[in-house]
Amino acid sequence: MPGRMVCRIVRWARRKSPWVLHFNSGGCNGCDIEIVDTLTPRYDVERLGILKEASPRHADVLLCTGPVTQQSRDRLRRIYEQMPAPRWVVAVGSCSCSGGVFRDGYNVLGGIDQVLPVDMYIPGCPCRPEAIIQGIVQLLETIE
Amino acid sequence: MNVELVLEALREAFPTEALEPRAVPVDETFVPLPPDCVHPAVRILIERFGLRHLSTITGEDTGSEIVLLYHLWHGRGLTLRAVLPRDGAHIATLTDLIPGAAFYEREVSEMLGVTFDGHPDPGTLLLPDNWDGEPPLRQQRGGVQ
Amino acid sequence: MISEENVLELTSILFAILIFPGFGFLFVCALGFQWIDRWVVAHLQGRIGPPWFQPLADFIKLMAKEDMLPIGAHERACALLPMVSLAAVLTVALYVPVGGHVVGAFEGDLIVVLVLLSLPAVAYFLAGWLSASVFSVVGGSRALLQYFAYEVPFLMALSGPAILSGSWSISRIAALQSQTVWMVLVQPVGFLLAFVGLIGKLKRSPFDIPKAKSEIGAGPLTEFSGRKLALWHLSLHTKTVVGIFLLVDVFLGGSGGSPTIWGALTFGAKSLLILLALSVAGVLYARLRIDQLTHVGWRVLAPLALLQILFVIWIGA
Amino acid sequence: MSRMTIPIGPQHPALKEPVSFLLTVEGERIVESALRIGYVHRGLERILQNRNYVQNVHVAERVCGICSHAHTTAYCQGVEALLGLDVSPRALYLRTLLCELERIHSHLLWVGVLAEHIGFTTIFMYAWRDREIALDIMEELSGGRVAHAVNVIGGVRIDVSQAQVHAILARLDELERQIGTFLDVIRHERTFQARTRGVGHLSAEQVRRYCVVGPVARASGVDVDMRRDAPYAAYDRLSFQVITADEGDVWARAMVRALETVESLHMCRQLLIGLPDGAPSLFKKGHSDGAPSLFKKGHSDGALAARAPRRVPPGEAVSRCEAPRGELIYYIRSDGSDRPARIKIRTPTLTTLMTLPDQLRDIHTADVPAVLAGVDLCIACADR
């Protein structure tokens, strides 16, 4: 079946080429620098095909860090809407999973899942780069 | 910075006020001042002692009044303490003397609802533009947080 | 009348256009060169770099992604522009000899190639202008400014060998060098200028000003996604391949005469050498500002290119 | 030329964190800029009021992920002053050691970010690779790469063995060699200089007007450093230079930070070599203000801190320390309960943010990332 063959090829390509976009919606910087750290020589996620993209239009995976604050909520939604399908959302860090220590702040709405459908939660405060990489890899394994 | 000299200068300028300095850890001196004396006092400090570094302004709602602490620094910490009423709290801005006070005043203003008279760019600093609740660091009536 | 000979000739032309040295070969080269580039850069930066199939996976993934444009973008133009860019590059490829093979060659094809090679830059600029985003507009105008900075020295540098060999045909220039010496030995400055111009043309680091990630996102391509983005990438990478081939043909003696295996191998080696030089140049420097680049382009590169041409005319006479 | 408005942020590749600038440009020249912060405002000062003093160490660490240790240092110092605790010298040394390691990691991170912003990816990669050495040391000491949880009220949670000291010293040498290459690049690389010299200039007068602190102030020739001016922890027992420069541009900031990294390395060595033995009496009854003797003498299990009381006597404290980005100040008021009545945090980034409209006026749009990197924004700090 050529149709199934194409599907398999596309699935393979998607798994091998996840381009990520990073958005901090209210985090403390800890997970953010660990995300950037995964690009650097020790972790080098480019060997897994992961590129950090600048534009939401180019991205497949949205890496969110931090809880959602009132000011960043609309922006977070907009970035998600700008991403072409198929798209995935990964919540990186305890506070983006649940709100973490900032849970009861008056300006904090809670975890990313209050605003967007989250496909993968990576807990940790802050997440280690290994954890982030493993989270993305596990996400890719679930594709279709 | 010699704290004694500074106090002397302030006592000279405001002879009617009882300036009771208080040592606060770590190496800080608190000087209470009436709200309308803060601006002239800072002017004296700048002109006579070259004391221009304002570390920050702390605002606190103690439940009965609003306390403003102007943390200055000149080799040692010097804090001017002004007490404002809770309702209609306002004080003269320091931005004409120390432009760096702009953000601190905006923050105190939005967090506690204090008006800084003559601030060139009032408005929210950290809170969303459409914040409609009480200023977040105000104590709720009845003391419930 | 369709004779057997005609059919054979037609198939061989079709083969040349579609497979080798035409589109199929270029596609493979574009992906391959892209991988080599990324791999080399990664290793120079102390990383491991992507696996060999990475460019292919990227391409397929982008082809299979949703294609969207912001409201206000000129939809038809945005769909057309990447194809124009790609078509221009592919047409150029027909005139640039690869290892001695060339699909269509005629006296003066160098000029056609140079003109067609600037078409993608215009398409790139228009893409930025028409895709309704501030970053694309800034990127587009930068692309245009950059075009004026590198194009003149690039053209002058490439016309040096043409003047010297008395022919405006790329295959002729390449063939002539196998009888005498490589142009790079006669005109080292010209080669350098052409190389720098090529970096500017390909918008590679340190001249990746129109798509400076930290400044304006992805420049003119910020709002492109899916298939259109894939075509843009493909056209840019094909342009890299064609540009390198052009430099090899004009300055490094091409395949050294006849289309033999040995010729193809040396051609490949020379191309890889230039690719390597491009990667290294990208790793070594910080990105310049657009005003600094125009300054370099007009104050340094253009006068040098002029001197080079005068020198060529002098030794030619 | 027509005017155009370019929004930078809240999501922008030059920003690791959300902050928003509206740049009004003519061609590529910036005419005006408007700054909006607050996207990361989590209401931490309120959150700190709702937790007790011990929990707050944890929260203070999460004000900022880059200078986490500086925050806990300032916080613990303040609470220790309120409690009247004297922390043992060994604990102070270790606290200072972490402070300096954090400065190294933060400054190297910054070198990388600046390089990335001016399109010099290679230096970004190298700087972050070498930063891993500092992270490794910190991880070995504390178990955490970014959040160390080293400070506790009354001392530190960790101890270091003699073998570890030697291992760390060896790695510091390696780090110093690597930092040498960055200094070379900053001093001699021409494209680097082309992108940083004369960019984002701040005069000493501007620095004083906006009460700017830290490396940005020092790069403009304003000689302020809390480590020397108001020595806390073990800084009074160290010899070090305060690095300043006169140019006041991004290049000078790069230079100051790179040289400070070297200076921090020397301080780490002094701290490790001069590490005092852990005294059995870990803290003693504090100041002579008649605080009751709440604490048992010494915990002989090798811990460098003992349990501090949950309730803190009423009082106020102002605690200052030098975070990697400059003077960090905590004001803590206690009302006698187990929760602080008010904690005010002023982070160094807030001061440099005020200078941005000045720095961004009349420059090239391409220089915006360099300027933003130059002041080393830490929005999580500024917004709290």
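Me: So two strands count as paired when DSSP finds at least two bridges between them. Which residue is the bridge partner of D:Gly315?

Reply: D:Ser334, in strand 7 of chain D. Keep in mind that this is a predicted model.

Me: How many bridges join strand 6 and strand 7 of chain D?

Reply: Nine, and the two strands run antiparallel. Strand 7 covers residues 326–334.

Me: What sheet do they sit in, and what is its strand order?

Reply: An open sheet of three strands in chain D, in the order 6-7-8. The pairing is antiparallel. In general, strands of a sheet pair through backbone hydrogen bonds.

Me: Which strands are at the edges?

Reply: Strand 6 (315–323) and strand 8 (340–346) of chain D. Each of those pairs on one side only. From one strand to the next, the twist averages 15°.

Me: Which helix packs on that sheet?

Reply: Helix 3 of chain D, residues 68–83. It touches strand 6 and strand 7, and its direction makes about 150° with that of strand 6.

Me: Switching to cores. Which residues touch the most other members of the largest nonpolar core?

Reply: B:Leu68, D:Val79, D:Val111, D:Leu114, D:Ala127 and D:Cys378. That core has 183 residues. Helix 4 of chain D (residues 89–117) gives the most to this core, with 16 residues.

Me: What does D:Val79 touch?

Reply: D:Tyr53, D:Ile153, D:Val312 and D:Ile332. That leaves out residues up to four places away in sequence.

Me: And what does the second core include?

Reply: That one is separate and has 96 residues, among them C:Ile170, C:Ala174, C:Leu176 and C:Leu234.

Me: Staying in chain C, which residues of helix 5 are buried?

Reply: C:Asp109, C:Leu110, C:Val113, C:Leu116 and C:Leu117. Helix 5 of chain C runs over residues 109–117.

Me: Why are they on the same side of helix 5 of chain C?

Reply: Because they cover an arc of only 135° around the axis. In an α-helix there are 3.6 residues a turn, so residues three or four places apart point the same way.

Me: What covers them?

Reply: The cover includes several helices of chain C: helix 4 (75–95), helix 6 (119–130), helix 7 (134–165), helix 8 (170–179), helix 10 (188–202) and helix 12 (226–251).

Me: What average pLDDT does chain C get?

Reply: Chain C averages 82, and 97% of the residues score at least 70. For the complex, the predictor gives an ipTM of 0.84 and a pTM of 0.86.

Me: OK, contacts between chains. Which two chains share the most?

Reply: Chains A and D, out of five pairs of chains in contact. The contact between them takes 32 residues from chain D and 33 from chain A.

Me: Which helix of chain D gives the largest share of the side that touches chain A?

Reply: Helix 5 of chain D, with four residues. Helix 1 (44–49), helix 2 (53–61) and helix 5 of chain D each supply at least two.

Me: How many Å apart are the nearest C-alpha atoms of chain B and chain C?

Reply: They are 24 Å apart, and the two chains do not touch.

Me: Now chain B. Is strand 4 mostly covered or mostly open, and how many of its residues are buried?

Reply: Mostly covered. Seven of its nine residues are buried, and strand 4 of chain B covers residues 65–73.

Me: What does strand 4 of chain B pair with?

Reply: Strand 3 (residues 53–61) of chain B pairs with strand 4 in the antiparallel sense over eight bridges. There, B:His53 stands opposite B:Trp73. Strand 5 (residues 77–85) of chain B is joined to strand 4 by nine bridges, also antiparallel. B:Tyr70 stands opposite B:Leu80 there.

Me: And which glycine in the turn between strand 4 and strand 5 of chain B has a positive phi?

Reply: B:Gly75, at about 80°. In the hairpin of strand 3 and strand 4 of chain B, B:Gly63 takes a positive phi near 105°. Each hairpin has three residues between its strands.

Me: Which residue in chain A other than glycine has a positive phi?

Reply: A:Asn29, with phi near 90°. A:Asn29 is in the loop between strand 1 (19–24) and helix 2 (30–37) of chain A.

Me: Why is A:Asn29 called buried?

Reply: Because 26 other C-beta atoms lie within 10 Å, and the cut-off for buried is 20 or more.

Me: Last one. Where are the cis peptide bonds in chain A?

Reply: One joins A:Ala85 and A:Pro86, with omega about -5°. Another joins A:Cys125 and A:Pro126, with omega about -10°. Most peptide bonds are trans.

Note on methods
Residues numbered from 1 in each chain as written. Chains lettered and ligands numbered in written order. Predicted model: local features only at pLDDT ≥ 70, side-chain atom pairs only at ≥ 80, totals over all residues. Core = buried A, V, L, I, M, F, W, Y, C linked by C-beta atoms within 7 Å. Buried ≥ 20, exposed ≤ 12 C-beta atoms within 10 Å, placed from the backbone. Contact = placed C-beta atoms within 7 Å. pLDDT = per-residue confidence, 0-100. Arc of directions from axis to C-beta. Axes fitted to C-alpha atoms, helices over the stretch in contact; angles between N-to-C directions.
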